[in-house]
Amino acid sequence: MASTSPEPSTTAAAGDVAETDCSVQIRRLEVTDHEKGFVDLLSQLSACPDLTASEFAACFADLAALGDDHVILVAEDPAAPERRILATGCLFVERKFLRGGGKVGHVEDVVVDAAARGRGLGIRVVCRLVEIAKEAGCYKVILDCTPELRAYYAKCGFVEKGVQMAIYF
């Protein structure tokens, strides 16, 4: 399951500036984000063993080599005394033979730090990922979520479609 822990469904819609924390910057993941709690944040979503700085750097380099086909965004407040990653989300762009070699965007690994929820950060990250997918020429963007988060992702324009199934190893 990709996107299971953004923010409570009481968060404001993307355009609702009153509940959006504009001091927080949405940007691409940087290798120095290891020091800012990126892996700890992911562990709020799913089991995520700690990575050493060198392991993180190697994984970062592998993902960075995929270029714009694998985009990880983070939310950070540059003015905060303790620079921590507050939210993250990922976009994977899949090339298809369908639709004349079209592209599909997959939104994955969306999580907002428990202490930062309710500030609109998850919606900002997801909406920016959708914009990136559109700019990349994707004909659709899909994600998986728990039933409890349907309304949350509907705020970002997603509609329920089909059934997700999985095999885990």
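This is a predicted model: local features need pLDDT of at least 70, side-chain atom pairs count only at pLDDT 80 or more; totals for chains, interfaces and linings use all residues.
When the lining of the largest pocket is divided by class, 11 residues are nonpolar, 4 are polar and 5 are charged.

The second largest pocket has a volume of about 420 Å³. It is lined by 19 residues, of which Phe-38, Leu-42, Cys-48, Ile-72 and Asp-109 are the closest to the centre. Contributions of two or more residues to this lining come from α1 (38–42), α2 (53–64), β2 (70–76) and β3 (85–95). The largest share is that of α2, which supplies 4 residues. By class, the lining of the second largest pocket comprises 15 nonpolar residues, 3 polar residues and 1 charged residue.

With regard to charged side chains, 13 salt bridges were found in the whole structure. One of them joins the side chains of Arg-28 and Asp-68, with an N to O distance of 2.9 Å. This pair connects distant parts of the chain, 40 residues apart: Arg-28 belongs to strand β1 (residues 25–28), whereas Asp-68 lies in the loop between α2 and β2. The two partners fall into separate accessibility classes. Arg-28 is counted as partly exposed because its relative accessibility is 40%, while Asp-68, at a relative accessible area of 51%, is exposed.

Arg-128 takes part in two of the salt bridges described here. Its side chain meets that of Glu-131 at 2.9 Å, N to O. Both residues are in helix α4 (residues 121–135), and because they are 3 residues apart, about one helical turn separates them. The side chain of Arg-128 also forms a salt bridge with Glu-135, at 3.5 Å from N to O. As for accessibility, Arg-128 is partly exposed, with a relative accessible area of 30%, and Glu-131 is likewise partly exposed, at 42% relative accessibility. Glu-135, by contrast, has a relative accessible area of 59% and is therefore exposed.

Salt bridges also link a further group of residues into a network, whose members are Arg-27, Glu-30, Asp-33, Lys-36, Glu-76 and Arg-83.

Technical notes. Residues are numbered from 1 along each chain as its sequence is written. Side-chain values use heavy atoms; hydrogens and water are left out. Ala, Val, Leu, Ile, Met, Phe, Trp, Tyr, Cys and Pro count as nonpolar, Asp, Glu, Lys and Arg as charged, and the others, Gly among them, as polar. On a 1 Å grid over the protein atoms alone, a cavity is a set of points where a 1.4 Å probe fits but cannot get out, and a pocket is an open set with protein on both sides within 12 Å along at least five of seven lines; lining residues have an atom within 4 Å of a point. Grid points are joined across faces, edges and corners, and a volume is the space filled by probe spheres set on the points. A salt bridge is a side-chain nitrogen of Lys or Arg within 4 Å of a carboxyl oxygen of Asp or Glu. Buried means under 20% relative accessible area, exposed over 50%, partly exposed in between (1.4 Å probe, protein chains only).
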